[in-house]
Amino acid sequence: MDLAFIPSPSVGVVHLGPIPLRGYAFCIIIGVFVGVWLGNKRWIQRGGRSGTVADIAVWAVPFGLVGGRLYHVITTYEPYFGKNGHPLDAFKVWEGGLGIWGAVALGAVGAWIGCRRRGIPMPAYADALAPGLALGQAIGRWGNWFNQELYGKPTDVPWALKISSDPAIGRIGGTYHPTFLYECLWCIGVAALVIWADKRFRLGHGRAFALYVAAYCAGRAWIEYMRVDEAHHILGLRLNVWTALIVFVLAVVYFVVSLKRAPGREEVVEPGALEERAAAEAAAAESAETDGEAATDADGADSGDGAEAPAGKAPAAKSAAEAEAEGEPEAADAAAPAADADAKAAGSGSTKKS
């Protein structure tokens, strides 16, 4: 008796009137947005402009979707071009079937086009995007959960995935290893590894991307080995296991060669971005300084108004006695005539009748 398991959704699509809302498509879309968001943050930290990652993604994402679908159809051609196959089903991307290898390969072509149009070094862009790609894959893998596909061998572990039977496609119900969940967690770990290594060692010239590829392939090899869905085998191993091993070796070789040929990190990743940022910061500082000076002048004007004598009245002069008492004989001599004049004016005024 199964005491615990991960349930699968009863349906993978919800219809909003005539519009189908598919869980698989939502997972892919959310994964793309998260990848672009994180890539944009890292690109800005490296000295690039905000929005550049999204502009290049406009090229990379469509190419990646086409590449992912092509890889899946080519390596699993029987449902489309085999006996009793349906060629038009090759265009039904929403039903699942995107190969990450083809998505990254053709997506890189789209990114290269976008980078050339912007005058940006492709390796620097790939380094900024690498952790976002891993997180995007982690989210996208939940699309397999909605479609109840790509699960592992039968198991009764507490975290087993409950799969419902479907005789129409030959799916046998039971509890299986949730390989989609294993890959999701692995991709999150890969993203964390790349972010840490990039900060610790200041990876550049495509090495952060190479680390992402190598780390992902290491996990994908053993996760792929657990799957039970139909796949082509070469020398007893699934095709995707061989692909993971070959790509892993290529990524490691690139990392080592790049480290010897171009150590360190790019100083400039987007022409003119640093100058624009410096000019904007200088303008902001100048504006703040001007506002501060204006506030100081206003405070000084308010203080000066309070210190002035009332209009029409002159400050009273020191009396001769006060000046002499303060030890200022010259001031006392000057104050004496003024005091006499004040006395005469006062006496004269006292006899005048109103």
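Residues are classed here as buried under 20% relative accessible area, exposed over 50% and partly exposed in between, with a 1.4 Å probe and protein chains only. The model is predicted: local features need pLDDT of at least 70 and side-chain atom pairs count only at pLDDT 80 or more, while totals for chains, interfaces and linings use all residues. Residues are numbered from 1 along each chain as its sequence is written, and side-chain values use heavy atoms, with hydrogens and water left out.

The protein has 354 residues, and 34% of them are buried. It contains 12 helices and six strands. These are DSSP runs, numbered from the N terminus (helices: H or I, at least four residues; strands: E, at least two). Contacts are defined by heavy atoms within 4.5 Å. Of the contacts with a separation of 6 or more, 71% join residues 24 or more positions apart. Accessible areas come from the Shrake-Rupley method with a 1.4 Å probe; for residues, only the protein chains shown count as cover.

Aromatic pairs number 10 in the structure. Rings of Phe, Tyr and Trp (its six-membered ring) pair if their centres lie within 6.5 Å; planes under 30 degrees apart count as stacked, over 60 as edge-to-face and the rest as tilted. W142 and W145 form an edge-to-face pair, because their ring centres are 5.6 Å apart and their planes stand at 80 degrees. Both lie in helix α6 (residues 142–147), three residues apart, so about one helical turn separates them. W142 is partly exposed, with a relative accessible area of 30%. Ring pairs also join W142, W145, F146 and F180 into a cluster.

Salt bridges total 15. Each is a side-chain nitrogen of Lys or Arg within 4 Å of a carboxyl oxygen of Asp or Glu. K92 and D89 form one of them, at 3.0 Å from N to O. K92 is partly exposed, at 27% relative accessibility. R118 bridges to E270, with the closest N and O atoms 3.4 Å apart. This pair links distant parts of the chain: R118 lies in helix α4 (residues 100–118), E270 lies in the loop between α9 and α10 (273–307), and 152 residues separate them. R118 is partly exposed at 33% relative accessible area, whereas E270 is buried at 2%.

R220 and E183 meet in a salt bridge of 3.9 Å, N to O. R220 belongs to helix α8 (residues 207–226) and E183 to helix α7 (residues 179–201), so that distant parts of the chain, 37 residues apart, are linked. Both R220 and E183 are buried. The two residues also take part in a network of salt bridges with R141, E224, R227, D229 and R238.

C184 is buried at 7% relative accessible area, and C187 is buried at 1%.

On the surface, F248, V249, V252, V253, V256 and V257 form a nonpolar patch with about 440 Å² of accessible area together. Patches are made of residues with over 30% relative accessible area and no salt bridge: like charges are joined within 9 Å, nonpolar side chains (Val, Leu, Ile, Met, Phe, Trp, Tyr) within 5 Å. V252 sits in helix α9 (residues 239–261). At 34% relative accessibility, V252 is partly exposed.
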